[in-house]
Amino acid sequence: VPVPALSSDPTQALAQLRLASNRCRACPIGAHATQSVFGEGPVRAALMVVGEQPGDQEDLRGRPFVGPAGQLFERGIAELGWPRAEIYVTNAVKHFKYELRGQRRIHKTPSQQEAAACLQWLEHELAQVQPRAVVALGATAARALLGRPVAVMRERGRWHTGVGGEQVLVTLHPSALLRADPADHEAAYAAWLKDLALASEFVT
Ligand code: URA
């Protein structure tokens, strides 16, 4: 996928990458999505948070984590005292993959080939933002960042070394909490916040 010659100004370079990702057809997902959803946040944020892929609302609005999973994410970081505006928030896969069920677009997990095809955008974001630490939300993000399959429940709540040498904290995706049995939800949410809190030193 052609990436333009990037500006030496990281803000400009990220804007160029955002435009280029919108045209990406390195895998079939892009042709069916409304637009790519590129990362957003301060260009030299100390912390980058990586999710899986945009959902229905993210696809329509062009912003990461604005749907139901995003609301849970926002609740969590608010409890931790993390201002969202200080974090660079992105996804491992930039286009929304879905299956039509009647009128509804149901999220489909991206395949490993699709995630691999999309990796270049995340690598560019890492190179431009140069975060001091990265949080991987769920298995797709963890695999993209660590370069190997990750058993989230076994490897959560710890720092790992990313492919590019970054410090990567692995934890659950907020959607996993939304799917949890209501009886387990509060405990699962508390454990998730405890994981995230390990990255608090990188926020403000
Ligand atoms: N889930 C994700 O992983 N990312 C989003 O942006 C929204 C939902």
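Me: How do the residues of the shell around the ligand divide by class?

Reply: The shell holds 4 nonpolar, 7 polar and 2 charged residues. Nonpolar here means Ala, Val, Leu, Ile, Met, Phe, Trp, Tyr, Cys and Pro; charged means Asp, Glu, Lys and Arg; the others, Gly among them, are polar. Of the 13 residues around the ligand, G51, E52, G55, P64 and A69 come nearest. A residue is near if its C-beta atom, placed from the backbone, lies within 6 Å of the molecule.

Me: What confidence does the chain have?

Reply: This is a predicted model, in which local features need pLDDT of at least 70 and side-chain atom pairs count only at pLDDT 80 or more, while totals for chains, interfaces and linings use all residues. Numbering starts from 1 along each chain as its sequence is written. The chain averages a pLDDT (the predictor's confidence in each residue, from 0 to 100) of 97, and 100% of the residues score at least 70. For the complex, the ipTM is 0.93 and the pTM 0.97.

Me: At what angle do the axes of α1 and α4 cross?

Reply: Angles run from 0 to 180 degrees between N-to-C directions. Helix α1 (residues 10-22) and helix α4 (residues 112-129) cross at roughly 170°, with axes that come within 10 Å. They are therefore roughly antiparallel, a term for angles over 145 degrees. P10, A13, L14, L17 and S21 of α1 meet W121, H124 and Q128 of α4, where contact means C-beta atoms, placed from the backbone, within 7 Å. By class, this contact has 5 nonpolar, 3 polar and no charged residues.

Key. Helices (H or I, at least four residues) and strands (E, at least two) are DSSP runs, numbered from the N terminus. Angles under 35 degrees count as roughly parallel, over 145 as roughly antiparallel, 65 to 115 as roughly perpendicular and the rest as oblique. Two residues are in contact if their C-beta atoms, placed from the backbone, lie within 7 Å.
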